[in-house]
Structure formats: C-alpha cells, structure tokens
Amino acid sequence: MARGIALLGPDIDHRTSLEVMIQGRRPTSWVPDSGSWMSSQGAGGWSRSLQRVGRFTGTFLPAYLRGVEQAVSASSADTLVAYWGTEPLADLIGIKRRMPGLKLVLMVLCYPVALDAMGVARQNWMMKRACSVLDGVLFPDVAMRDHFLKAGLIDARLPAMVLPPCWTGAFQSAEAQPQGRADPNLIFIGRTDLSSRTIHAADDLRPLMLEMLQAGVELHHATSPETTDGHPLRKPFSPLSQPELIRKMASHDASLIAYNLSACEDATRFELTVPDRLISSVAAGVPVALPAKGYSGSRQYLGSDHPVYSFDSGAHLMSMLRDRSRVAEMRARAWACRERFAAERHGPALVSFLESLS
C-alpha cells in the first residue's frame, strides 16, 4: 500500500480542497486540530486549561494525540499536512514529540492572525518554535514566503512551495456565464455581522460601503442589523452556502475585497494573506475590486490574467464601472480564468513536493 498523507485542521473548505488535490494519488485521512477536537468533545475546564498550557509547550492531550496516531495509521501516512492560521502550531510540536518519524508540513493560509504588535510578536514566537519541527512549508503567495524568510520565521534551507489556495472545481458553476447587471454594482461577501464575538475591527467596512453607495454603486452583501439603513442602492441578501454564493457572484461587475486597515495597529495579515473571499471570487469568475494600496499577496495570487479594478476611492471605482463595455470585457476575462483556480489543477505539484521530502 502506498504511503498516505494525513491532514490536520478544522473541517472547512480548505480540507476538501486538499483532499481533492491528493485524491487518487496517495491515501488520505483527516483529524481536527486540538481546538476543533475539544469543541466537538465538549471538553471541560481542565482540558481547556491543559490546552492553554500546551500552546507554549506543545499539545500534550493524550486522547487527542491518540486520535492523531489513529488517523496517521488509517492511511499508513508518512506525512502530515496541517492548515489554517496559528491553530495547529502547538499541535505540530506535540505530534513531533510523540511521532518523531512523521514528516510535518504546515500550509500557511492566514498569518499573522493578530492585528496588534504584541499579538503579532507572540504569534511570531509561536511560529518560530513550530517551524523548528517542520519538514516543509506551503505558502499561499510569494509575499508570504518572503516575509517568513525576512522575519526569520523559517530557515532558508527548509523546503517550501508556493501553493495557491483554491476551492474544488465542483464549486464552480457548470452553466454558462450569467448575464451582467444593468447598473454599476459590487458584491461584498465579507463579514457584516459586526456584533459577533469573532468579529474584529478590520471587518467593519461600513465607511467604505457608504463611500461606494454615495458614489452611486449598487452594493450587494449579506444582511445584518449593523448595515440595515434603508439606502436604495444597498441590496442585502440572506446567508448562502459556498456553491450558492459562488453562483450568485457571477452576475456582478466585481467582488469587493477590502478591510478597514485604519482600524488595525498591525495590518501585516492583510498584506500577506489570500482571504477566503478572494478564493470564492476567482472561483465565481468575477472581476475583483481592490484598494490601490496594499494587499500585495492578493495581487500576486491573482496574477496578470485575472481582471482587477484598482481604486483610490468610491468615486474612482464608479468612474470605471460606468464604462459598461469595459465591464462586460472584464467579466468575460474573469470567467475564462476560472480553470486556473481549481484545486484539482494543483494536485500533481503538491504531491510531488510532499514526496520530495522523503
């Protein structure tokens, strides 16, 4: 039996994408990160106290680590790929301590997570410790890779690969591109539920939203009490599944990718990370509207083929969207780029990289 690959992280669309990339090439198994595992187990205060200590020493929850061993055994895995933010960092240290012969790879999707200098410094310390036990790293873009090298988070000799994060091609519409809308419009698929416990200041895009509305741009986004103001150009919609949302996005002029960077003490995260909303936008085959400054990782991810509206203000973006013939041409180009952003396309390169670590 071929040696397998185990995946570690939350049960999110990135897990599905990795499974699709590897499918048919190597056996796979999956186990949640310790935080997700504890939530599913309804773990009490003692276990959570152990997990907090484990963030500094490496995860040492016996029942959790046994589950990891079982997942590794299920696919006869010789490699484990962990993904998503800083959640798996302590797990990787604990797993290496328990299974020293297992090759560990970190897929850096969102980093840093913190938006303040103290938080970023703490996460850099955690990342350095975790990277000391790694056998390889997967970066979403060149900007993230260069940042890790410049900041000394990884040794330059550590094998690394740039793997553009993509949803499975099954999320992409199999139908013809839908007809565009008559008037200048945007769709925004970021957070609007600003009272949520998991919200952060960068999610509050109301100032930019108002700027777009005042410029005359029709704005579509998920409904929420915080953004309900009765503006005639505001078009809220109910929550949708990922495939439904991707299909809906395809009729719009552009997908707005932006954060409230002025509310962040440290905005490194948004300079380097390829956000999920951007991954959904390219899967939908819709052009992207990006602020003219910043977001270098997102720009690298899009490349020169995918059409981008780079704007300085709402009025500037509106001036570009008024040209409806250009909008139609941009939409056609974005639709044609979808194939490049399907997870299946990157499977051979990923598996080849993982096998090179032997």
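**A buried serine and the sheet**

Mentor: Ser 255 belongs to strand 10, which covers residues 255-256; strands (E, at least two residues) and helices (H or I, at least four) are DSSP runs numbered from the N terminus. The model is predicted, so local features need pLDDT of at least 70 and side-chain atom pairs count only at pLDDT 80 or more, whereas totals for chains, interfaces and linings use all residues. Residues are numbered from 1 along each chain as its sequence is written, and side-chain values use heavy atoms, leaving out hydrogens and water.

Ser 255 counts as buried because its relative accessibility is 0%, the limit being under 20% with a 1.4 Å probe and protein chains only. Beyond its neighbours within four places in sequence, Ser 255 touches Ile 187, Met 249, Ser 281, Val 286, Pro 287, Val 288 and Ala 289, contact meaning heavy atoms within 4.5 Å.

Turning to the sheet, six strands build an open, parallel arrangement in the order 2-1-3-4-5-6; a pair requires at least two DSSP bridges. Strand 2 (28-31) and strand 6 (160-162) form the edges, each pairing on one side only. From one strand to the next, the twist averages 20 degrees. Strand 1 (residues 4-8) runs parallel to strand 2 and is joined to strand 2 by four bridges, with Leu 8 opposite Val 31. Helix 5 (residues 89-98) packs on this sheet, where it touches strand 1, strand 3 (77-83) and strand 4 (103-107). The direction of helix 5 makes about 175 degrees with that of strand 4; axes are lines fitted to C-alpha atoms, for helices over the stretch in contact, and angles run from 0 to 180 degrees between N-to-C directions.

How values were computed:
Buried < 20%, exposed > 50% of the residue type's maximum accessible area, 1.4 Å probe, protein only.
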